[in-house]
Amino acid sequence: MTTMEYDVIVIGAGPVGENVADRVVRGGLAAAIVERELVGGECSYWACMPTKALLRSASALRAARQLPGAREAVTGDLDAAAVLARRDSFASHWEDDGQVSWLESAGIALHRGQGRISSARVVEVTGADGVTTTLTARHAVVVATGSSALLPDIPGLRESAPWSSREAASARSVPRRLAIIGGGVVAAEMATAFAALGSSVTVLARDGVLPSAEPFAGELVTDSLREAGVSVRLGAEAVSVRRDDGGTVRIETASGERVEADEVLVAVGRTPNTQDIGLDRIGLAPGAWLAVDDTLRVAGGGEWLYAAGDVNRRVLLTHQGKYQARAVGDVIVARATGATVEDGRWGRHVATADERAVPQVVFTDPEVASVGLTAAAAEAAGLRTRVVDYDLGAVAGSTLHADGYRGHARMVVDEDRKVIVGLTLAGPDVAELIHAATIAIVGEVPLDRLWHAVPAYPTVSEVWLRLLEAYGR
């Protein structure tokens, strides 16, 4: 058994773990990272990058078909094989040589294998060859193991070899018929992608489409999916699943409906990857989400244990996990060197934005971009708000962007402070507009000052002026 010592040990080499280790090394400490799969994690190989590559070609084709002149130049349909090949390139063909090289260049030690906490500040790594290496941390251990797709206890589902988000993102071919159980982001995006690639898609959305978003966003996406030929069954709950000897998947719903498909994708949530990392050795529950304080220190885990990214359940988004990682790395360095810890609201060593300034884009048709609170969430938080809506298609820039542009914007204002606490945009190509709203919310820019932020004409960003006009001075 080999024993090695570092200042910080990070379990999990996804984007979050990589960023923690990088910040630690930049701060002058020695870091090691432990990974049992591919360096780069879920986002690089089975989520953010490959799924958006699946969606982008169809989005570009739709955009061309919405413009006279460009429309006439389109002479063919989407080339599914070319789309899958481009997806493969964005997933680095599921090889992590490039990411490993980056770790080496950053001065971060890599230990491949299953990492398990054996005691305070000690992690045992069991490699594929069965050899165990013991790593000891002088200052901290960070759990950044992420999450996996949740598989609900539906009779027959596990035996039916269902797809999770991983299989959907890495599919080698396009199924003739695809059934999707769920209506959230993964379900909506993969329904959009595979319908464009030629699948006959059925979505069983028990709780609706994009149920956590503003209602108008889910309605617009539902309408668009149906126009694309997707069968969207709102309120449908799968109660049994069976794959017959011929390979056909047969799904029965609570209402007695039957759906047949060649593949079934389950997209109903996530579960933390904490089942086998040694939590039981330090008095924590294996398989549980890890509760943390604002500096991402694990509750009940001792002053040396931190958790960043999906695993702490604050926000299950890659960019937010990387934001947490920067705070974790910096606070570990501060505590190790005796520097001042800035843990007040919006301080350097806390993840304040997790609470009320989380941006997200759903790459459906139309795109849905949001940041902060929905109207319902703001009300539930006890804020006295005013909601301002505007037809995004009525903005001059939108009419230029595409014929028949359909979209909607909603601004949620905290009436006591006169600042924006939430903004949602639904429409073609709205993804790049959302950062302006993120800045306004994080900066708590008063509405009176926003009047002086003049949007260029004619752009879709003119919606900012229209929302302010609707609100009134």
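Which helix gives the most to the lining of the second largest pocket? In this predicted model, that element is helix 9, with five residues in the lining. Divided by class, the lining of the second largest pocket comprises ten nonpolar, four polar and six charged residues.

A search of the whole structure finds one cavity of 30 Å³ or more, and the largest cavity holds about 110 Å³ of space. Its lining is formed by Arg345, Trp346, Arg356, Ala357, Arg417, Val419, Ile420, Val421, Ile441 and Glu444, with strand 21 (residues 419-427) giving the most, at three residues. Six of the residues that line the largest cavity are nonpolar and four are charged, whereas none is polar.

The packing of helix 1 was considered against two other helices. The axes of helix 1 (residues 15-26) and helix 10 (residues 318-337) come within 8 Å of each other and cross at roughly 25 degrees, and helix 1 is therefore roughly parallel to helix 10. The crossing of these two helices is right-handed. On the side of helix 1, the contact involves Pro15, Val16, Asn19, Val20, Arg23 and Val24, and on the side of helix 10 it involves Thr318, Gly321, Lys322, Ala325, Arg326, Val328, Gly329, Asp330 and Val333. Seven nonpolar, four polar and four charged residues make up this contact between helix 1 and helix 10.

With helix 6 (residues 97-106), the axis of helix 1 comes within 10 Å and crosses at roughly 15 degrees, so that helix 1 is roughly parallel to helix 6. Helix 1 passes helix 6 in a left-handed crossing, whereas its crossing with helix 10 is right-handed. Glu18, Asp22 and Val25 of helix 1 make the contact together with Gln99, Trp102, Leu103 and Ala106 of helix 6; by class, the contact of helix 1 with helix 6 contains four nonpolar residues, one polar residue and two charged residues.

Methods
Residues numbered from 1 in each chain as written. Predicted model: local features only at pLDDT ≥ 70, side-chain atom pairs only at ≥ 80, totals over all residues. Heavy atoms only, no water. Axes fitted to C-alpha atoms, helices over the stretch in contact; angles between N-to-C directions. Helix = DSSP H or I, 4+ residues; strand = E, 2+ residues; numbered from the N terminus. Parallel < 35°, antiparallel > 145°, perpendicular 65-115°, else oblique. Left-handed = near helix turned anticlockwise from the far one by under 90°. Contact = heavy atoms within 4.5 Å. Nonpolar A, V, L, I, M, F, W, Y, C, P; charged D, E, K, R; others polar. 1 Å grid on protein atoms, 1.4 Å probe; cavity = no way out; pocket = protein on both sides within 12 Å on 5 of 7 lines; lining within 4 Å. Points joined across faces, edges and corners; volume = space filled by probe spheres on them.
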